[in-house]
Amino acid sequence: MKKIVILFSGEGSNLENLIEKLHNKTFNGTEIKIVAAITNNPNAKGIKKAQNLEVNTEVIDHKKFSNREEFDKELVKNIDELEADLTILAGFMRILSPVFTKNVKAINLHPSLLPLFKGADAIKRSFEGDEKKGGVSVHYVNNELDGGEIISQISFAKTPGMSYDEFSEKIKKIEYELLPDAAIKILT
Ligand code: GRF
């Protein structure tokens, strides 16, 4: 059996998708369990989504810590206690210090074709950019923001006249395939 911890900060649609696709399911003979969903944001909509799907949720509010490292220490402690084999960042909006990146095996989902458009507002910047393609990446987390080794990517053509909503919908759809597939690939 392999254990996953998911970190999220907001809407939690990828969190919900991961639970639906992976939790308590067996892939290539390996059972996967999502042992906790942890958020830094007490108001994250994803909390309800995880609870509805009967996954244990925890809030570790970053505002209650005096600095980044103290918050990261608490995160690492929780992830260690849960004995996670893999931690998945699904819309987790915090920069992580080496306290985290050196101690936790983690992957992140990013809505662009990395190394293009690292950081915030990637969907908007990628939509407005001159590139003929958009895409989604899953990569290992290291101490460079959105800069760790790429695990998998899917791209799509920006069609003439494509609206921003169509572009973001396409990204969401790809995210819902790419992230669970990457987790399965790593854990089984
Ligand atoms: C996703 O687009 C992901 O690529 C980015 O944050 C967004 C999270 O959305 N890192 P949701 O909270 O899973 O709906």
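This is a predicted model: local features need pLDDT of at least 70, side-chain atom pairs count only at pLDDT 80 or more; totals for chains, interfaces and linings use all residues.
Residues are numbered from 1 along each chain as its sequence is written, and side-chain values use heavy atoms, with hydrogens and water left out.

**View 1. Strand β6 and its two partners, β5 and β7.** Strands here are DSSP runs of E with at least two residues, helices are runs of H or I with at least four, and both are numbered from the N terminus. Two strands pair if DSSP finds at least two bridges between them. β5 (residues 86–89) runs parallel to β6, joined by 3 bridges, and Leu 89 sits opposite Asn 108. With β7 (residues 133–140), β6 pairs in the antiparallel sense over 4 bridges.

**View 2. β6 (residues 106–110) under cover.** Of its 5 residues, 5 are buried (under 20% relative accessible area; exposed is over 50%, partly exposed in between; 1.4 Å probe, protein chains only). Ala 106, Asn 108 and His 110 point one way, while Ile 107 and Leu 109 point the other.

**View 3. The ligand and its surroundings.** Around the ligand you'll find Glu 11, Gly 12, Ser 13, Asn 14, Gly 91, Leu 109, Pro 111, Lys 172 and Glu 175, each with a heavy atom within 4 Å of it. A ligand oxygen lies 2.8 Å from a polar backbone atom of Asn 14, and a ligand nitrogen is 3.2 Å from a polar backbone atom of Leu 109. Another entry in the list, Glu 175, has a side-chain N or O atom 2.5 Å from a ligand oxygen. On its own the ligand exposes 370 Å², and the protein buries 85% of that (Shrake-Rupley method, 1.4 Å probe).

**View 4. Helix α1 (residues 13–22), tucked in.** Since 7 of its 10 residues are buried, α1 is largely enclosed by the rest of the structure. The buried set is Ser 13, Asn 14, Leu 15, Asn 17, Leu 18, Ile 19 and Leu 22. After α1 comes Asn 24, with a positive phi near 60°.

**View 5. Lys 3 in strand β1 (residues 2–8).** Beyond its neighbours within four places in sequence, Lys 3 is in contact (heavy atoms within 4.5 Å) with residues including Lys 33, Val 35 and Asp 85. Its side chain also makes a polar contact with the side chain of Glu 83, at 3.5 Å (a pair of N or O atoms within 3.5 Å; within protein, one must be able to donate a hydrogen and the other to accept it, and residues adjacent in sequence count only if both atoms are side-chain atoms).
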